[in-house]
Each structure stands twice: as structure tokens, then as C-alpha cells.
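Please read them with the structure open.

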Amino acid sequence: MIRVRGRVRGLGAPAAWGAAAVTYKLACPLAQQTDLPARLLTSAVFFAVGTGLILHARRSLMRELRQLRRVAGAAQHALLRPPPSRVGGLDVAAAQLSAERGAAIGGDLYEVVATEYGVRAVMGDVRGHGIGALGTVAAVLGCFREAAHDEKDLGGVLRRLERALDRHLRHEHPAGDAEEFVTLLLVEIRADGELLALNCGHPWPYRLSGTEAAQLTAGDPWPPLGLFPLPDSDLPAVGLGSLRPGDGLFLYTDGAQDARDGQGRFFPLPDVLERAARDGPASSREVLTRVATALRHHIRGAPADDIALLVLTNGRSTPLKGGGNRPSGHSTHAPDDSPLAPR
């Protein structure tokens with residue numbers, strides 16, 4: 001009822017202008033004359049009224065658009081809440097750049113939680129961006145925040161995420177015509193700094209160690225969730241080495257490496273990370289600020305795709321907190337001579 005009354009009040013000014021124009025045309029003697037000056041005056045009156053109506057409609061639409069963006073931004077903030085600066089002994093920083101101009105709404109997702117199995121993080125990218133992707137982001141993040149604590153291994157977490165996404169898509173698209181999928185990177189950092197991961201079509205992370213930045217790879221990733229079913233067999237996590245004291249782990253969505261400048265040149269993410277590492281030990285927030293600043297300078301405007309950045313740094317000289325001894329037999333670990341190669 002309040003909304004209807006507001007719309008009725010909003011029609012008051014246009015109605016008054018329209019009534020004034022009609023009254024002028026019907027009652028004013030000058031409007032009945034057919035000579036050129038009278039016609040010019042009548043045209044000016046109706047032009048002014050028409051311009052006023054257009055401006056009023058534009059202001060109303062812009063006001064509603066701003067309100068919609070505020071509501072969507074509040075929902076996004078509540079859903080993709082900023083992570084704490086410290087999680088289980090890790091120094092954490094995250095940021096997002098939205099492809100929606102004038103709005104902080106995107107289809108990227110991230111979360112970091114401390115569990116009894118270690119610190120677990122997820123970085124994901126929903127197909128598409130903007131308000132339409134919020135439902136999928138909510139389904140995946142809500143499931144991760146529970147499964148990360150309940151499941152003993154990352155394979156169990158990934159299967160829970162697949163089921164949650166499948167339920168969401170069946171609810172949103174009962175006809176089965178959904179073409180949505182999500183790329184995901186699940187990372188677990190154990191108490192001793194050991195890194196484990198499961199990758200579903202997502203870019204592999206970078207490790208910042210000393211003065212070097214190396215992209216960690218461990219074979220071909222699984223397809224994105226929602227594109228093909230996961231295999232029925234076990235989903236063993238792969239080893240990515242370890243996160244030693246002072247090392248940082250940089251996770252991101254492909255919008256960062258695919259960002260282009262006005263000449264079509266890709267953002268040099270490896271070079272930017274190398275420079276950040278060479279500048280000396282830095283907190284997660286400092287690394288994130290350097291990368292985000294270089295990214296904004298490169299694109300000079302809104303990116304073509306959503307971008308999410310997440311930095312985890314082991315700033316302690318003692319084993320990480322937030323994870324106990326994890327049961328063995330749930331994942332495979334790459335040996336020291338495994339083909340983990342920087343790219």
C-alpha cells in the first residue's frame with residue numbers, strides 16, 4: 001500500500017503539467033490562433049511540458065535503479081562478507097571488482113574458514129555476472145560454509161558442493177535448460193603448512209616465496225561444476241607443496257588474467273606478482289593492494305568480467321593454528337620431486 005501511494009504521489013507533477021498543457025490549448029485564446037507567432041508559442045509550451053515529463057521519468061528511473069543497486073549491494077555484502085584479517089594463523093585479505101558499472105555485484109565467490117582439519121578456502125567463478133549470478137553464489141557459499149567443517153577431506157566437500165549446485169539449478173530451471181556452471185578451487189592448509197587442493201576448471205594459485213612468485217600446478221583440473229558430473233570414484237586432493245612461514249598464496253578468478261587495456265593487451269599478472277614478491281616480505285593486504293592498484297591502472301574502468309582476489313600469508317614462525325592432525329588415507333600428496341612447475 002505504501003509503495004502504491006508513493007507511485008500515485010509521483011504522478012502528481014506529470015499530471016499537473018499535462019493538465020496545464022491541455023488547459024492552455026483549450027482555454028487560452030492565444031492557443032486558438034493560427035498565425036506563426038501563436039503556433040511557435042504553443043509548440044514551445046508543449047515542448048517544455050514534454051521535456052519536463054521526460055526528465056521526471058528519467059529521475060524516477062534513476063532513483064529506482066540506485067535503490068535496486070543499494071539493495072543488491074547489501075545482499076552481496078551479506079553473502080560475500082569480507083573475511084577476517086586473521087584465520088587460523090593466516091593473514092587474509094580479499095577484494096572484488098565487479099563488471100557491473102556502478103555496482104559491487106558479481107558472480108565471483110570466496111571464503112576462508114578455520115576447521116579441525118586445517119584452514120580451508122574456496123575461490124569460485126559463476127558463469128555470468130551481476131544480479132543473476134547471486135542465487136548460484138548463495139547456494140555454493142552456503143554449502144561450503146557447512147561442508148568445510150563437516151567433511152574430513154576435500155573430496156567430500158566438493159561432492160557436497162556439486163549436490164548443492166544441482167539442487168539449485170533444478171529449482172531455478174525445472175525444465176532442465178540451465179547452462180550455468182561454476183569453476184572452483186578448493187584449498188586446504190594444514191597445521192604444518194602443507195597445501196592440498198582440488199580444482200574444477202579454475203586457475204591454479206600462485207605461491208609467493210622469498211622474492212619469487214610461482215604458479216602451482218598439479219595436473220589437469222576436473223571440469224567446472226555443473227558442466228559434467230563428477231566421477232563416482234574417490235576424489236583425492238593433490239599436494240601443492242607447503243606454505244612456509246613468510247610465504248603467501250594468491251588465489252584469483254580468470255577475470256584478472258584475462259583483463260585487457262585499451263590496446264587489447266592482457267594484464268601481466270605474473271609480472272605484477274613477481275614485483276610484489278621482489279619488493280620484500282609484505283602482508284596479505286599489501287600484496288592485494290599492489291595487485292588491485294596495478295589492475296585498475298591497466299583496465300582504466302570497469303573490467304569486462306568479475307574479478308576476485310584472495311591472499312593468504314603464513315606470517316608465523318610456528319605451525320598454523322586452526323587444524324589438528326588430519327586422518328590419513330583421504331588424499332594423495334605429491335612427493336618432493338613431483339611435477340609441480342611454475343607457469
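The points below go from the whole chain to its sheet, helices, cores and hairpins.

1. Overall make-up. This is a predicted model. The chain has 9 helices and 11 strands. Of its 343 residues, 45% count as buried. The exposed surface comes to about 17800 Å², and carbon and sulfur atoms supply 57% of that area.

2. Contacts along the chain. Residues 24 or more positions apart account for 73% of them.

3. The six-stranded sheet. Six strands form an open sheet in the order β1-β2-β11-β10-β7-β8, with antiparallel pairing. The edges are β1 (86-87) and β8 (212-215), and each of these pairs on one side only. Inside the sheet, β2 (residues 90-97) runs antiparallel to β11 (residues 307-314), with 8 bridges joining the two.

4. Helix α8 (residues 269-278) lies across β7 (206-209), β8 and β10 (248-252). Relative to β8, α8 runs at about 145°.

5. The α8/α9 pair. How do these two helices meet? The axes of α8 and α9 come within 10 Å and cross at roughly 140°. The crossing is right-handed. From α8, the residues involved are L269, V272, L273 and A276; they meet R290, V291 and A294 of α9.

6. The largest nonpolar core. This core has 29 residues. Which of them touch the most other members? They are L109, F144, L158, L161, L184, L186 and L225. Elements giving two or more residues to this core are β3 (108-115), β4 (118-126), α5 (134-150), α6 (154-172), β5 (182-189) and β6 (194-200). Leaving out residues up to four places away in sequence, L158 touches L184, L186, L198, C200, L225, L230 and L235.

7. Another core, of 24 residues, lies apart from the largest one. Its members include Y252, A259, V287 and I307.

8. The β3/β4 hairpin. β3 and β4 form a hairpin with 2 residues between them. The strands run antiparallel and are joined by 8 bridges. L109 has G124 of β4 as its bridge partner. β3 is mostly covered, with 7 of its 8 residues buried.

9. β6 and its neighbours. β5 and β6 pair in the antiparallel sense over 6 bridges. Here E188 stands opposite L196 of β6. The hairpin of β5 and β6 has 4 residues between the strands, and G193 takes a positive phi near 90°. β6 also pairs with β9 (residues 238-242), again in the antiparallel sense, over 3 bridges. In that pairing L196 stands opposite G239 of β9.

10. Burial of β6. Is β6 covered or open on its two faces? In a regular strand, side chains alternate between the two faces of the sheet. In β6 both faces are covered. E194, L196, L198 and C200 are buried on one side, and L195, A197 and N199 on the other.

How values were computed:
Residues numbered from 1 in each chain as written. Predicted model: local features only at pLDDT ≥ 70, side-chain atom pairs only at ≥ 80, totals over all residues. Heavy atoms only, no water. Pairing = 2+ DSSP bridges. Contact = heavy atoms within 4.5 Å. Axes fitted to C-alpha atoms, helices over the stretch in contact; angles between N-to-C directions. Buried < 20%, exposed > 50% of the residue type's maximum accessible area, 1.4 Å probe, protein only. Areas by Shrake-Rupley, 256 points an atom, 1.4 Å probe, with all protein chains shown as cover. Core = buried A, V, L, I, M, F, W, Y, C linked by side-chain atoms within 4.5 Å. Left-handed = near helix turned anticlockwise from the far one by under 90°.
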